[in-house]
Amino acid sequence: MNDRRAWAAVASFPPHPRNVRHARRITRTALAAWGATDLVDSAEMIVSELVTNAMRYGSGPVDLTLALTDSGLRVSVTDEGTTLPSAREAGEDALGGRGLQIVRLLAESWDVVVRLTGKTVTCVLALDAKSLEDAATEHTAGQPAAASTGASAGVTPAITLSSEAGA
């Protein structure tokens, strides 16, 4: 095992739209420092969608945690809101409504943990591009990815209740 087990970045910021850009920059900078530049595009897209949703539908500060392991990148976004994420069908001309569908397609898995003071949405990006490609291929074939929790294959993620007060 290499030293990636210890690589993590954590940021907390107020729910202001300009902070979505800062979250993407934190993601890009961390992945470059960790030598995982092959994940930058997908990770920035996922971070952008999850942070935007936390700001739009959540409340309070937004916490972003990135953790890189040997198998992939775990992206977690926490807010103090009680509204659970739900993917929706966006019309052809709709300007929004595709964010969670994008996350579902890019991530190997994703889930939601409901806490006493809000929720955390977490997803995992495979480190190996081939694993990510295989997961996308299986998804488009109508079968859940083998390493998935099942959340990426459906419209709604697995939801876990937690008695923990914090993220």
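Classify R28, whose relative accessible area is 38%, as buried, partly exposed or exposed.

Solution. Step one is the scale: buried means under 20% relative accessible area, exposed means over 50%, and partly exposed is in between, with a 1.4 Å probe and protein chains only. Step two places the residue: at 38%, R28 is partly exposed.

The model is predicted, so local features need pLDDT of at least 70 and side-chain atom pairs count only at pLDDT 80 or more, while totals for chains, interfaces and linings use all residues. Residues are numbered from 1 along each chain as its sequence is written, and side-chain values use heavy atoms, with hydrogens and water left out.

Next, find the residue with which R28 forms a salt bridge (a side-chain nitrogen of Lys or Arg within 4 Å of a carboxyl oxygen of Asp or Glu).

Solution. The partner is E44, and the closest N and O atoms are 2.2 Å apart. R28 belongs to helix α1 and E44 to helix α2, so the bridge joins distant parts of the chain, 16 residues apart. Helices here are DSSP runs of H or I with at least four residues, strands are runs of E with at least two, and both are numbered from the N terminus. E44 has a relative accessible area of 13%, so E44 is buried.

**Exercise: the other charged pair**

The whole structure contains two salt bridges. State which residue pairs with D79 and where the two residues lie.

Solution. D79 pairs with K119, with 2.8 Å between the closest N and O atoms. D79 is in strand β3 and K119 is in strand β5, 40 residues apart. Both residues are buried. As background, side chains of opposite charge can pair when their charged atoms come close.

**Exercise: an aromatic pair**

The structure holds one aromatic pair. Decide how the rings of W7 and W34 are arranged.

Solution. Rings of Phe, Tyr and Trp (its six-membered ring) pair if their centres lie within 6.5 Å; planes under 30 degrees apart count as stacked, over 60 as edge-to-face and the rest as tilted. The centres are 6.2 Å apart and the planes meet at 20 degrees, so the pair is stacked. W7 lies in strand β1 and W34 in helix α1, so parts 27 residues apart in sequence are tied together. W7 is partly exposed at 23%, whereas W34 is buried at 10%.

**Exercise: the nonpolar core**

Name the members of the largest nonpolar core that touch the most other members.

Solution. Such a core is a set of buried Ala, Val, Leu, Ile, Met, Phe, Trp, Tyr and Cys residues joined through side-chain atoms within 4.5 Å. The largest has 34 residues, and L50, V51, L66, L73 and V75 touch the most others. Helix α2 gives the most to this core, eight residues. Contact means heavy atoms within 4.5 Å. Leaving aside neighbours within four places in sequence, the contacts of V75 include I46, V47, L50, L64 and V121.

**Exercise: confidence**

Find where pLDDT, the predictor's confidence in each residue from 0 to 100, stays under 50.

Solution. The average over the protein is 77, and 64% of the residues score at least 70. The stretch under 50 is residues 131-156, for which the model has 35 contacts beyond four places in sequence. Where pLDDT is low, the predicted coordinates should not be read in detail.
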